[in-house]
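Please keep the sequence and the structure in view while reading.

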Amino acid sequence: QTIRMPNPNNGSIFISYSLNDRQACVLLQSALEKAGFVVFRDEESIRKGQGWVSALEEALKQCTAFVVLIGRDGVRRWVGAEVHYALIRHHSPHDDAQRLPIFPILLEDIKPDVLPPFLSLFQADRWSAADPLPDALISDIQKRAIRYEAHVGFEGCPFLGLRAFKKEHAK
């Protein structure tokens, strides 16, 4: 039996944001978590003493959806680097189901023309942190997040003792 579901151990929603948009990011994170998502937000997800660049890289490799908040700072510095990586993950796979979905969110009165050329190819949502997160956005993320195949059910003991695992043991 094959069940298609997000892999909670590896996947999460990555939120990219400028520090000036921290308050909106915290509200977004809360709304997404209430909707049942696992969320990666750098300030909360990276432990003290952990190499933050490698932690960001790993989170970007493993995320199942990418949300970028675009406020008055636009898309530059680290947000720009994160967007660049997300775009590569979106355009690289041949299988459409494995393309990283990207959700640009324009904050307050930010105009779409501030989006870099490749990011402007994605439909941007407008949101004010004073308002609830639109149900349609939450629904779109739920529908479009990358799904991993999980195989349920196998016969026999799942442990091989001291023998090596082989290709036929993958299930």
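In this model, which is predicted, the side chains of Arg 41 and Glu 44 meet in a salt bridge, with 3.5 Å from N to O. Arg 41 is buried, having a relative accessible area of 8%, a value that falls under the 20% limit used for that word.

**Salt bridges**

| Pair | N to O distance |
|---|---|
| Arg 22 and Glu 43 | 2.5 Å |
| Arg 41 and Glu 44 | 3.5 Å |
| Asp 73 and Arg 76 | 3.5 Å |

The salt bridge between Arg 22 and Glu 43 links distant parts of the chain, since Arg 22 lies in helix 1 and Glu 43 in helix 2, 21 residues apart. Arg 22 is partly exposed, with a relative accessible area of 36%, and Glu 43, at 39% relative accessibility, also counts as partly exposed. Arg 22, Arg 41, Glu 43 and Glu 44 are linked in a network of salt bridges. In the pair formed by Asp 73 and Arg 76, Asp 73 is buried at a relative accessible area of 15%, whereas Arg 76 is partly exposed at 42%.

Strand 2 and strand 3 pair in the parallel sense over two bridges, and Phe 14 stands opposite Phe 40 in strand 3.

Which residues of helix 5 (residues 135–144) are buried? They are Leu 137, Ile 138 and Ile 141. Seen down the axis of helix 5, these buried residues fall within an arc of 100°, so they line one face of the helix. The face of helix 5 that is turned away from the buried side carries the exposed residues Asp 135, Ala 136 and Lys 143. The cover over the buried residues of helix 5 includes strand 2 (13–16), helix 1 (22–34), strand 4 (65–70), strand 5 (102–107) and strand 6 (125–127).

In helix 3 (residues 52–62), the residues Ala 55, Leu 56, Ala 59 and Leu 60 are buried. Around the axis they cover an arc of only 130°, which puts them on the same side of helix 3. What covers these buried residues of helix 3 includes strand 2, strand 3, helix 2 (42–45), strand 4 and helix 4.

**A residue of helix 4**

Is Arg 77 buried or exposed? Arg 77, which has its place in helix 4 (residues 77–91), is exposed, with a relative accessible area of 64%. Although 59 residues separate Arg 77 from Ser 18 in sequence, the two are 8.8 Å apart in space, from C-alpha to C-alpha.

Key. Residues numbered from 1 in each chain as written. Predicted model: local features only at pLDDT ≥ 70, side-chain atom pairs only at ≥ 80, totals over all residues. Heavy atoms only, no water. Buried < 20%, exposed > 50% of the residue type's maximum accessible area, 1.4 Å probe, protein only. Helix = DSSP H or I, 4+ residues; strand = E, 2+ residues; numbered from the N terminus. Arc of directions from axis to C-beta. Contact = heavy atoms within 4.5 Å. Pairing = 2+ DSSP bridges. Salt bridge = Lys/Arg side-chain N within 4 Å of Asp/Glu carboxyl O.
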